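Open the model in your viewer and keep the selection tool ready. We will go stop by stop.

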Amino acid sequence: MPVNVVMPKLGLTMKEGRVDRWLKKVGDIVKKGEEIVEVSTDKITNVVESPADGILAKILVNEGEIVPVATPIGIITAEGEKLEEVEKSEEKFIKATPVAKRLAKENNIDLSLITGTGPGGRITEEDVKKFISEQKVKTEEEGPKKEVAIIEGQALEKVERMPMDNIRKTISQRMKKSWSEIPHVTEDIKVDVTELVNLRENLNHISDNKFTYTDLIAKACVIAIKKNPVVNWSIEGEYIIKNSSINLGIAVALDNGLIVPVVKEADKKSLLELSKNIKELSERARNNKLTPDEIIGSTFTITNLGMYEIDSFTPIINPPESAILGVNKIYKEPVVLDDNIVIRHIMKLSLSFDHRLIDGATAAKFLLDLKKTLENPLSLLI
């Protein structure tokens, strides 16, 4: 009996998904639980596993096409089961005129993707022709294009135009919305993290868990936010939303963009719990295993570019949040300490905030509290 591979509902808010890449081709043997196709929402990419052992007999939704949740996108049959039997099985559930069926077969079109306009929802010849026309236009509009770039009246070498994928579209839309609607102000502060460096080394020496600087800074942010809760609030229309929980977004770089998984209720977690949660979410993000529910609800975001040797930058606020902390590289610098010149580990932190809600002095107070915690890091263990 044929088994449908369907577009999964990856989260409570997901309504449709896009088929990004088939990992198997028609005729391949598949095992139940084996990854067979990559799909994406407007925020994340995930994989769909085969619902049964058998053969991928038919692909119903091609790469790049978007369909509603629960729509069949492929068919698995048992080994030895004829493709004709699969097609007959499909026909039992699809109402279409003989001419429409013939036209669809001639053009290798899956009738289940077409909405019928005939009596009782029956698919007509005109419905199939309209579908063929729409697909042709869509292909022409979305396909990569080579064209000549004209600059100051001179024709340069050909450039390639290609559509954004869903993740890049979302990043583009959200960054434009954030930068155009939120009055950003960025404040920087220099922190002596020598004791933090020593603490991390000692923790990693005695613990099976390997702590990162992001882990330690995340815990310090929780402490500083508790002292300056407005940094954790947001604006909704003409209202101020006083978020009671501290949900930390941790920016994770991907090959094709950026994603921000969320550590829910970070204020209730120990340093070890935070570290493990961040590691798990980051790994799931890099392996396209996150669910939509794991990337919503953040109230404050941390983005770390220190590993890229960045001295300072202006992070863009992640709406609907009102602040985001940028973490820069750690470097050595001569410092006057007790009238002696010594070499210390220094790091700059960059806080971008929504000036509609957070005043400059409030942001400075948050950064100062964060600085004090990182310079005296034993409180992170409490």
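Is Asn228 buried or exposed? Select Asn228: this residue is buried, with a relative accessible area of 6%. Here buried means under 20% relative accessible area, exposed means over 50%, and partly exposed lies in between (1.4 Å probe, protein chains only).

Before going on, some ground rules. This is a predicted model, where local features need pLDDT of at least 70, side-chain atom pairs count only at pLDDT 80 or more, and totals for chains, interfaces and linings use all residues. Residues are numbered from 1 along each chain as its sequence is written, and side-chain values use heavy atoms, with hydrogens and water left out.

**Stop 1: around Asn228**

Stay on Asn228. It sits in the loop between α6 (213-227) and β12 (234-236). Helices (H or I, at least four residues) and strands (E, at least two) are DSSP runs, numbered from the N terminus. Now show its contacts (heavy atoms within 4.5 Å). Leaving out residues up to four places away in sequence, Asn228 touches Thr362, Lys365, Phe366 and Asp369.

**Stop 2: the whole chain**

Zoom out. The protein chain has eight helices and 20 strands. Its radius of gyration is 27 Å, well over the 21 Å that the globule rule gives for 382 residues, so the chain is more spread out than a compact globule. That radius is taken over C-alpha atoms, and the rule is 2.2 Å times the number of residues to the power 0.38. Along the principal axes, the C-alpha trace spans about 90 × 60 × 45 Å.

Colour by burial next. Buried residues make up 44% of the 382 residues. Then turn to contacts between residues at least 6 apart in sequence: 60% of them join residues at least 24 apart.

Colour by charge. Lys and Arg count as positive, Asp and Glu as negative; His and the chain ends are not counted. There are 54 positive and 60 negative side chains, and the centres of the two sets lie 2 Å apart. Each charge is placed at NZ of Lys, CZ of Arg, CG of Asp or CD of Glu.

**Stop 3: Asp192**

Select Asp192 in strand β11 (residues 184-192). Asp192 is buried, at 17% relative accessible area. Beyond its neighbours within four places in sequence, Asp192 is in contact with Arg344, His345, Ile346, Leu374 and Glu375. Asp192 and Tyr239 are 47 residues apart in sequence, and their C-alpha atoms are 38 Å apart in space.

**Stop 4: residues 264-291**

An unreviewed UniProt entry lists residues 264-291 as "coiled-coil region". UniProt positions follow the numbering used here, feature names are shortened, and annotations may be inferred rather than shown by experiment. In the model, residues 264-291 are 57% helix and 0% strand, with the end C-alpha atoms 14 Å apart.

Pick Glu265 in this stretch. Glu265 is in the loop between β17 (262-263) and α7 (271-286).

**Stop 5: backbone exceptions**

Most residues other than glycine have a negative phi, and most peptide bonds are trans. What is phi of Glu265 near? The value is near 50°, which is positive. Glu265 is partly exposed, with a relative accessible area of 33%.

Jump to Asp339, in the loop between β19 and β20 (340-354). Asp339 also has a positive phi, about 65°. Asp339 is exposed, at 75% relative accessible area.

Finish at Pro320, in the loop between β18 (300-304) and β19 (323-337). A cis peptide bond joins Pro319 and Pro320, with omega about 5°.
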